[in-house]
Amino acid sequence: MKSITGEMRYRQCLCEYALKHGVTKAARRYHTYRQFVYRQLKKYDGTVRSLALHSRRPKTAQPRIRMKNFV
């Protein structure tokens with residue numbers, strides 16, 4: 001990822017605020033859930049790039065099961 005998106009900056013501000021003031025206050029201020037704040041803090045290592053969204057697509061395709069001979 002070459003550019004830093006607004007969403008990544010938002011998450012960085014959220015993490016920095018949570019580290020300084022606590023998770024509950026950060027969740028209230030940024031209108032989100034505490035679980036979301038904890039998830040972002042787990043990923044956050046001090047850089048904006050650590051908060052980038054990653055693909056959830058599987059790396060390899062799963063083999064298909066043929067239903068023809070299954071009956």
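**Salt bridge**

In this predicted model, the count of salt bridges comes to 1. The partners are Arg11 and Glu7, whose closest N and O atoms are 2.7 Å apart. Both residues belong to helix α1, which spans residues 6–21, and because they are 4 residues apart there, about one helical turn separates them.

The two partners can also be described by their accessibility. Arg11 is buried, with a relative accessible area of 7%, whereas Glu7 is partly exposed, at 40%.

**Aromatic pairs**

A search of the whole structure finds 2 aromatic pairs. One of them joins Tyr10 and Tyr30: the ring centres are 5.6 Å apart and the planes stand at 75°, so this pair is edge-to-face. Tyr10 lies in helix α1, while Tyr30 lies in the loop between α2 (23–29) and α3 (34–43); the pair therefore ties together parts that are 20 residues apart in sequence. Tyr10 is partly exposed, with a relative accessible area of 32%, but Tyr30 is buried, with a value of 18%.

Tyr30 also forms an edge-to-face pair with Tyr17, with 6.0 Å from centre to centre and 70° between the planes. This pair links distant parts of the chain, since Tyr17 is in helix α1 and Tyr30 is in the loop between α2 and α3, 13 residues apart. Tyr17 counts as buried because its relative accessibility is 18%, and buried means under 20%.

**Aromatic cluster**

Tyr30 takes part in the pair with Tyr10 and in the pair with Tyr17. Tyr10, Tyr17 and Tyr30 form one aromatic cluster.

How values were computed:
Residues numbered from 1 in each chain as written. Predicted model: local features only at pLDDT ≥ 70, side-chain atom pairs only at ≥ 80, totals over all residues. Heavy atoms only, no water. Salt bridge = Lys/Arg side-chain N within 4 Å of Asp/Glu carboxyl O. Helix = DSSP H or I, 4+ residues; strand = E, 2+ residues; numbered from the N terminus. Buried < 20%, exposed > 50% of the residue type's maximum accessible area, 1.4 Å probe, protein only. Phe/Tyr/Trp six-rings, centres within 6.5 Å; stacked < 30°, edge-to-face > 60°.
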